[in-house]
Amino acid sequence: MTIVQQPGDADPVTPVPGPVLRVVVVNGSPSRPSKTMGLVGVVLDTLQNMLPIEVSRIEVYRLGAGFTGAIERDDVTPEVESTLRLAEGADLLIAAAPVFRGTYPGMFKHFFDLVDQYALANKPVLLAATGGGDHHALVLEHAMRPLFGFFQALTIPVAFFASAGDFDGTTLLNPRVYGRIEVGLADVADLLRARATGPGTTQDRTPATDRPPPGHSPSSLIVDRRAPRRPAGVMASRIANQERP
């Protein structure tokens, strides 16, 4: 697993009150950039206004042959093993995937086929998905939630979905989706704050982009999404105003 430092990593360490929530995003999209990560980016921006978080991202389509060729956990390379343990050790796991042929992609499922059966028990898991139309939202309740039910995970009650019409490229525009994200996360903010186990001191870093620096092909990116702080409701309000005739 390669950890790519983003600009600002050399800035002085600033204290953060209370423990940091260690969030791991498992991205099941083969595209870069993608609508799926556009949706997840809004979730992270909203969450970082509620509590301090540290984010790692796992790109399942870029884990390499040591992942795709593995049938069992013992078959994976040390790099993939570290990535699996990163997901298993998260305070909050965000499982995000586009809808292909009525369900999540096979590579997304293969990742969780290799996760230890009991590693996600009672772990908060937030579900997010994107699809061509609103009917694809069924994947959240009929495919993704049962998958994590098998792991006995604590899936967040409100899941987030956005269709192709909610985006301009990979930028989420629909204020209703913004509102659902704000309300859904506010309802579980206290639960997530209680689950935070990361150190209370971290560095300010700029948000990660979907394109890594030249010469790097990361399987995960670790960034601090706390800066700059911007109320998510402001973005939704601006978008709503732009849509007015």
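This note covers a predicted model of one protein chain, with strand 2 as its focus.

1. Ground rules. Residues are numbered from 1 along each chain as its sequence is written. As the model is predicted, local features need pLDDT of at least 70, side-chain atom pairs count only at pLDDT 80 or more, totals for chains, interfaces and linings use all residues, and side-chain values use heavy atoms, leaving out hydrogens and water.

2. Confidence. The chain has a mean pLDDT (the predictor's confidence in each residue, from 0 to 100) of 82, and 74% of its residues reach 70 or more. Residues 1–15 fall below 50; beyond near neighbours in sequence, that stretch has 38 contacts (heavy atoms within 4.5 Å) in the model. Residues 201–245 are also below 50, with 116 such contacts.

3. Overall make-up. The chain holds 7 helices and 11 strands. These are DSSP runs, numbered from the N terminus: helices are H or I, at least four residues; strands are E, at least two.

4. Strand 2. This strand spans residues 21–27. Of its 7 residues, 6 are buried, so the rest of the structure largely encloses it.

5. Its partners. Strands pair if DSSP finds at least two bridges between them. Strand 2 pairs with strand 3 (residues 53–59) in the parallel sense, over 7 bridges. There, R22 stands opposite E54. Strand 2 also runs parallel to strand 4 (residues 92–98), joined by 5 bridges. V26 has A95 as its bridge partner in strand 4.

Terms used. Buried means under 20% relative accessible area, exposed over 50%, partly exposed in between (1.4 Å probe, protein chains only).
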